[in-house]
Amino acid sequence: MKNFKNLLLTISVLLLGATASFAQDNIVGITYSMAVPTTGVNNYINEASFSGVNVEYRKFLNDNLSVGANIGWNYFQQSNGTQTYYGDNGAITGEEFRDSDILQTMVTSHYYFGEEGGIRPYIGVGVGAAGNYFDNQVGGIAVVDHYWSFAVTPEVGVLAPLGGSGTYLLTNVKYNYMTAAKGYGDYGFWSFNIGLAFDF
């Protein structure tokens, strides 16, 4: 988990620095992310996540259309109490912990409604790759694995100016869907995101 936080911090600094020289039709956004597991994820962990963040950049091609990139991270965890698992050579008993880090890297596109300078509802989609890093620990025994898969993330949201300062409220709802890979089935989760975007 520390590696994900360090990676996101590094990317945030690079994005903020890189966008400083762009024109005013560029924004960079940072949002806090809460998530609810659905397909696949809820077979492993069914508790909601309150640990997540998105960093994104958008370049407006015209008044209604932008393209950009998004990097998002969500962390799911769950304790299942004392469990006993039986194998060919015996059994193991202990408190079971499960956790999953999901990192997404996306190319994005968004279409905006309303007038420039006002409150702007939008729809969008991201396409890219997602990495799932997870472990299942019982007592002192842990099973750890990770894999990458194709990902697509449709979203709806609102971009609302906060005065005339070039700062915006950025909020959206995404469905994050990842295809089957490495013998694992497809998986997905809803994410609810809120934060700020800055005009450059």
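This is a predicted model: local features need pLDDT of at least 70, side-chain atom pairs count only at pLDDT 80 or more; totals for chains, interfaces and linings use all residues.

Q: Which secondary structure elements does the protein have, and what pattern do they follow along the sequence?
A: The protein has two helices and eight strands. Along the sequence, the pattern reads α-β-α-β-β-β-β-β-β-β.

Q: What percentage of the residues count as buried?
A: Buried means under 20% relative accessible area. By that criterion, 42% of the 200 residues are buried.

Q: Which residues touch the most other members of the largest nonpolar core?
A: A nonpolar core joins buried residues through side-chain atoms within 4.5 Å. The largest one here has 15 residues, of which Phe 76, Ile 102, Met 178, Tyr 187 and Phe 189 touch the most other members. At least two residues of this core come from each of α2, β4, β5, β6 and β8. A second, separate core holds eight residues, including Ile 27, Phe 60, Tyr 168 and Leu 170.

Q: Is Arg 98 buried or exposed?
A: Arg 98 counts as buried because its relative accessible area is 17%, under the 20% cut-off. Arg 98 lies in strand β4, and Phe 76 touches it.

Q: Which polar partners does the side chain of Arg 98 reach?
A: The side chain of Arg 98 reaches the backbone oxygen of Tyr 44 at 2.8 Å. It also makes a polar contact with the side chain of Glu 96, at 3.3 Å.

Methods
Residues are numbered from 1 along each chain as its sequence is written. Side-chain values use heavy atoms; hydrogens and water are left out. Helices (H or I, at least four residues) and strands (E, at least two) are DSSP runs, numbered from the N terminus. Buried means under 20% relative accessible area, exposed over 50%, partly exposed in between (1.4 Å probe, protein chains only). A polar contact is a pair of N or O atoms within 3.5 Å; within protein, one must be able to donate a hydrogen and the other to accept it, and residues adjacent in sequence count only if both atoms are side-chain atoms. Contact means heavy atoms within 4.5 Å. Lists of a residue's contacts leave out its neighbours within four places in sequence.
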